[in-house]
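Please keep the sequence and the model in view while working through the numbered points.

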2 protein chains.
Amino acid sequence: MPSPVKVEHINPFLSATIETFKSMLRTQITPGKIILIKGAKLSYDISGIIGLSGGARGTVTLSFPRITALKAVSEFIGEKVVTMDDTVKDAIGELTNIVAGSAKKDLAQYKINISLPSVITGENHKVLGGKEVIPLVVPFSSPLGDFNLIVSFISET
Amino acid sequence: MPSPVKVEHINPFLSATIETFKSMLRTQITPGKIILIKGAKLSYDISGIIGLSGGARGTVTLSFPRITALKAVSEFIGEKVVTMDDTVKDAIGELTNIVAGSAKKDLAQYKINISLPSVITGENHKVLGGKEVIPLVVPFSSPLGDFNLIVSFISET
């Protein structure tokens with residue numbers, strides 16, 4: 001049976017998400033209780049996913065309901081967006097990229113490189129892990145709405 | 001404007017997918033014409049995504065309609081599966097892992113490492129790239145049904 005991601009491996013991603021929303025979106029976000037993916041509300045409308053590899057392997061995902069995504073991207077680009085177009089897709093990919101890049105600095109001992117982002121769209125899709133590890137989910141609340149951070153992480157060392 | 005992935009970077013993933021289906025699923029699959037993601041049929045029911053990083057960055061995705069996924073996983077595990085359960089999710093993640101690992105060998109000059117897989121479920125979701133590059137899509141046909149290989153790849157060197 002796969003084990004859940006260790007909580008000490010979640011913290012750099014959690015801090016990176018808080019910092020990114022603070023600096024890039026001028027928005028204070030509040031983490032809820034970290035939960036196993038099996039107990040999480042997992043249906044989203046848009047998700048940004050980045051792979052992590054090197055001395056550790058993992059993925060980091062930011063998953064948003066439509067309304068939160070539109071508000072977050074409006075803050076991010078400084079312009080009101082109301083439809084789920086390429087601007088929103090690119091911005092969600094970029095936000096995920098910034099969070100992964102920022103977390104990477106706090107995980108320097110693992111010599112992680114980050115992949116290109118993938119962006120998933122589609123009402124009520126779910127982002128799950130493979131069989132290697134049980135991802136952990138951090139549900140965030142914010143003035144822009146709720147969203148989730150999902151992290152898979154295995155140290156190879 | 002982002003450029004499309006170079007065709008020479010697609011070929012190792014294309015060959016790896018054909019070889020994996022041949023060796024693991026005893027199934028001959030046939031690639032169609034490589035297309036830009038914007039012209040592709042992009043709605044799927046389950047997708048396996050792996051990130052690539054190191055001397056190049058990218059992602060490799062295998063995206064399946066439900067019926068193709070069930071038939072492919074039945075061949076893969078040697079047991080008939082009829083519902084989209086954890087077995088199917090794990091198997092699609094594993095298949096994507098094998099394809100990425102196999103393609104990596106043909107891209108040795110880029111010193112690529114592969115991330116953990118993410119598996120997306122949800123009717124008619126789409127898997128898109130970020131703003132860095134326009135992913136290429138290889139539509140495959142097979143006795144198990146149709147499915148798509150989607151590749152993003154940027155050489156950093």
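**Note on the two-chain model**

1. The side chains of E94(B) and K131(A) meet in a salt bridge, with N and O 3.7 Å apart. This is a predicted model, and the values below should be read with that in mind. E94(B) belongs to helix α3 (residues 86-106) of chain B, while K131(A) sits in the loop between β6 and β7 (133-134) of chain A, so the pair joins two chains. The two partners may be described by their accessibility. E94(B) counts as buried, because its relative accessibility of 18% is under the 20% limit. K131(A) is partly exposed, with a relative accessible area of 43%.

2. How many salt bridges are counted between chain A and chain B? The count is two. E94(A) forms a salt bridge with K131(B), and the closest N and O atoms there are 3.8 Å apart. Over all chains, a search of the whole structure finds six salt bridges.

3. The contact between the chains can also be described by residues and by area. In chain A, 37 residues are in contact with 37 residues of chain B. The area buried between the two chains is about 2900 Å², and carbon and sulfur atoms give 53% of it. On the side of chain A, R57(A), L116(A) and L128(A) lose the most area to chain B, together 21% of what that side buries. In general, the size of an interface is often given as the accessible area lost when the parts come together.

4. Which elements of chain A supply the side that touches chain B? The count between the chains is eleven residue pairs in polar contact. At least two residues each come from β4 (44-54), β5 (56-64), α3 (86-106), β6 (112-129) and β9 (147-155) of chain A. Of the elements of chain A, β6(A) gives the most to this side, with 16 residues. By residue type, the side of chain A that touches chain B divides into twelve nonpolar, 16 polar and nine charged residues.

5. Strand pairing also crosses from one chain to the other. β6(A) pairs with strand β5 (residues 112-129) of chain B in the antiparallel sense, over eight bridges. Within this pairing, S118(A) has G129(B) in β5(B) as its bridge partner.

6. Within chain A, the strand β9(A) deserves attention. Seven of its nine residues are buried, so β9(A) is largely enclosed by the rest of the structure. Eight bridges join β9(A) to β5(A), and these strands run antiparallel. Strand β8 (residues 136-141) of chain A also pairs with β9(A) in the antiparallel sense, over five bridges. I150(A) in β9(A) stands opposite T61(A), and I150(A) also stands opposite V137(A). β8(A) and β9(A) form a hairpin with five residues between them, and G145(A) in the turn has a positive phi of about 120°.

7. Two further residues of chain A call for a check of the backbone. Most residues other than glycine have a negative phi. R26(A), although not a glycine, has a positive phi of about 50°. R26(A) is placed in the loop between α1 (7-25) and β2 (30-31) of chain A, and it counts as exposed at 59% relative accessibility. K111(A), also not a glycine, has a positive phi of about 45°. K111(A) lies in the loop between α3 and β6 of chain A and counts as exposed at 65% relative accessibility.

8. Are K89(A) and D90(A) buried or partly exposed? Their side chains meet in a salt bridge with N and O 3.1 Å apart. K89(A) counts as buried at 13% relative accessibility, whereas D90(A) is partly exposed at 24%.

9. In chain B, the side chains of R26(B) and E75(B) meet in a salt bridge (3.6 Å, N to O). This pair links distant parts of the chain, 49 residues apart: R26(B) is in the loop between α1 and β1 of chain B, and E75(B) is in helix α2 (residues 66-77) of chain B. R26(B) counts as exposed at 58% relative accessibility, and E75(B) counts as partly exposed at 30%. T27(B), placed in the loop between α1 (7-25) and β1 (30-31) of chain B, counts as buried at 6% relative accessibility. Beyond its neighbours within four places in sequence, T27(B) is in contact with several residues, including E75(B) and L144(B).

Technical notes
Residues are numbered from 1 along each chain as its sequence is written. Chains are lettered from A and ligands numbered from 1 in the order in which they are written. This is a predicted model: local features need pLDDT of at least 70, side-chain atom pairs count only at pLDDT 80 or more; totals for chains, interfaces and linings use all residues. Side-chain values use heavy atoms; hydrogens and water are left out. Contact means heavy atoms within 4.5 Å. Buried area is the accessible area (1.4 Å probe) that two parts lose on being put together, summed over both. A salt bridge is a side-chain nitrogen of Lys or Arg within 4 Å of a carboxyl oxygen of Asp or Glu. A polar contact is a pair of N or O atoms within 3.5 Å; within protein, one must be able to donate a hydrogen and the other to accept it, and residues adjacent in sequence count only if both atoms are side-chain atoms. Helices (H or I, at least four residues) and strands (E, at least two) are DSSP runs, numbered from the N terminus. Ala, Val, Leu, Ile, Met, Phe, Trp, Tyr, Cys and Pro count as nonpolar, Asp, Glu, Lys and Arg as charged, and the others, Gly among them, as polar. Two strands pair if DSSP finds at least two bridges between them. Buried means under 20% relative accessible area, exposed over 50%, partly exposed in between (1.4 Å probe, protein chains only).
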